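Here's a quick briefing for anyone opening this structure for the first time. Take a look, then read on.

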Amino acid sequence: MARGAPSAPALDMSKFFSTNYHCLIPEPEAAPGAPPAAPELGPLLDRLERGQRALGAEAAVPMVVGPVTFALLARSSPLPPPEAVARLLPAYRRLLRELAQRRVPELQLHEPALATSQAAEPGVRDAFEAAYAELAKAGVPLNLVVPYADLDEQVYPWAVRLPVATLTLDFLGGGAGDCAGTGANRTLELITAHGFPHAERRLGAGVVDGRSVWADRDGTAASLLRALLHLGIPPSRLAVTSSVSLQHLPYDTALEGSHMPARLEGRLAFAVQKLDEIVAAAATPPNGGVAAAAGGQQAAAAEVDGSAAAAVAALRALGPAAYARSLPFGERRGLQLQTHAFPTTTIGSFPQTLEVRRLRQKLKAGTLSRAEYEAAVSGHIAHCVGIQEGLGIDVLVHGEAERTDMVEYFGEKLGGMWFSAAGWVQSYGSRCVRPPVIEGDIAWQGPMTTWEYKVAQSFTSRPVKGMLTGPVTILNWSFPRKDVSREAQAAQLAAALRAEVAALEAEGCRIIQVDEPALREGLPLKRCLWAPYLAWAVDAFRLATAVAAPGTQVVTHLCYSDFEDILPAIDAMDADVLTIENARSGDAMIKALVGSSYGRDVGPGVYDVHSPEVPSVEFIRSRIRMFMASGVAGGRADRVWVNPDCGLKTRGWAETLASLRNMVEAAAAERAAL
Ligand code: GLN
Ligand code: ZN
């Protein structure tokens, strides 16, 4: 299901709510009528037994995604929520039967869908009520966990009546809010206003921030607990926990050893430290401790770096001109690269082979000098450029051999970001990322990508794209600081990237790609908060790119499609070329683009890079014909780009060569057939 096969394309991949954790989109409609086959419970039960052996039967708690969230994650399910959920219930009942025999203290059912705007839509309440009434019968205490945001004002009153033993709420979740504009988490306010039925169910208080790497030095967790006690919830009916599961945090700050700079000592809390914070908060005396917390607040305030406000004011002073290209698309497009119908390109990275990764490791370990490293990377760039020329691709890339990760690479070169040595966070399956920690004002300290651009361009007379990661993606894939708004951090990143765009142009680069694959996952769970987020996100992209001369082509790349509902924002980014992941999205994006007034160049991916299958020439030709028939890019063949769905770094060379050869051949054949 993850990799696909010739007869069955791989499942869609998406990001899990507002996180960088990937998930596969279930397709329950694939077998209409029949309930989904009994799930394979073996691996889950094995893990539970291991946990029970290690911790004792009373302490090991199994967790699964709840049935309503599972049903709502399924793409284009033709069934309205109650029916879709009902079809999944037999599988959950089977799981509960197994767990009942294993003496688990509770089953955690994670239902982030309850914190989204969807929860207030018709049918969803019925689905929750019916599902939980049914599951409650199994005799296993249920802990319904709602991570990532607070509940909607309309949803809270019925959600707290769902028949579960414990309802765990997020008291900190970012990007939540009251839709009236404060954007702050309102869980405590909702409990204050509507009460909490603690006689019937326990409140799981998610008061330790599971999304932030910063330690709780101002005593937020303790103050929240004290407030709950003051509302009359007895300590015996309160469970203290993190706001979300700890899977989005690195493991343990102790693993950093001497790598941890003195200035951050004691200020960071990874998963292990969050557990300490949970235990410490649970020991909060109902009345005492207030003074300590207030003292803590002062200490935290002293940490605030006042320069951020100055930096943001300086950005504002740039004025609206800094956010707009000097000519509108209609006038500047003629000054940019002209090729032919169906120009071909790729999204940036080429296979990251073991050899490439070893080079970087050796440089880090000091067994390779900088000069030796650069010579070796130049060799990889030459190879990559030569291959693209040989294949006949029109716009080339340098291949990103020097980048471990598209955020880490920039984070290491920008001022204001710190990198842990061991702060890995799971992103998908066995893949992990090491997100940087933004610890101060972001500063551009000199060119970051001009060396690789120049090396690549020196080997070819074809145009080479400059390759940057956009400000919103760097922010969303980092741990932000807490003393400054995300908006201000995005603006600072944008100003730094703006300097980089100018540096690339100064070296003669005329096509600059600024990737924003994480634009969408930054969307708050509540729809009413989308507009303010998109406004500053788009501003950041524009600030970074508008410095480009009208003759410079600005390209952007967005992953995981699903952009139908934010198309006006994508339009407002004002990129000259939009390359998008399309293969696994059922062409939803093409339909949306065609139905909109979007009028610039488009490069919908012609094949899926997440699958090792090599697409045939005929398959790619049919994709190109479909794009042309749809009328995307105003039906102008010279503005319909032919490219893979995303970067090729996870693929091997053999399949990459075979796929790109077919891609170039397909574009040529369609060009000839015009
Ligand atoms: N330029 C990047 C690459 O090709 C883009 C990756 C992404 O969108 N996630 O690897
Ligand atoms: Zn991508």
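Start with helix 17 (residues 486–506) and helix 18 (residues 530–545), whose axes come within 7 Å and cross at roughly 20°. Everything here comes from a predicted model, where local features need pLDDT of at least 70, side-chain atom pairs count only at pLDDT 80 or more, and totals for chains, interfaces and linings use all residues. Residues are numbered from 1 along each chain as its sequence is written, while chains are lettered from A and ligands numbered from 1 in the order in which they are written.

**Helix 17 with helix 18**

- On the helix 17 side, the contact includes Glu-487, Ala-490, Leu-493 and Arg-498; among the residues they and their neighbours meet in helix 18 are Trp-536, Ala-540 and Thr-545. Contact here takes C-beta atoms, placed from the backbone, within 7 Å.
- That contact splits into 12 nonpolar, one polar and two charged residues. Nonpolar covers Ala, Val, Leu, Ile, Met, Phe, Trp, Tyr, Cys and Pro, charged covers Asp, Glu, Lys and Arg, and the others, Gly among them, go down as polar.
- Helix 17 and helix 18 are therefore roughly parallel to each other (that label is for angles under 35 degrees).
- Angles run from 0 to 180 degrees between N-to-C directions, and axes are lines fitted to C-alpha atoms, for helices over the stretch in contact.
- Helices (H or I, at least four residues) and strands (E, at least two) are DSSP runs, numbered from the N terminus.

**Helix 3 with helix 4**

- Helix 3 (residues 81–100) packs against helix 4 (residues 124–136) at an angle of about 20°, and their axes are 10 Å apart.
- This pair is therefore roughly parallel too.
- By class, you get 12 nonpolar, no polar and two charged residues.

- Five strands make an open sheet in the order 13-14-15-16-17, with parallel pairing (to pair, two strands need at least two DSSP bridges).
- Strand 13 (466–469) and strand 17 (601–604) sit at the edges with a single partner strand each, so one side of each has no neighbour in the sheet.
- From one strand to the next, the twist averages 20°.
- Strand 16 (residues 577–580) pairs with strand 17 over four bridges, and Ile-580 is opposite Pro-604 in strand 17.

**Around ligand 1**

- Ligand 1 is surrounded by 13 residues, the closest being Ile-347, Gly-348, Ser-349, Pro-517 and Gly-647 (a residue is near if its C-beta atom, placed from the backbone, lies within 6 Å).
- Six of the shell residues are nonpolar, four polar and three charged.

Definitions and conventions: Angles under 35 degrees count as roughly parallel, over 145 as roughly antiparallel, 65 to 115 as roughly perpendicular and the rest as oblique. Two residues are in contact if their C-beta atoms, placed from the backbone, lie within 7 Å.
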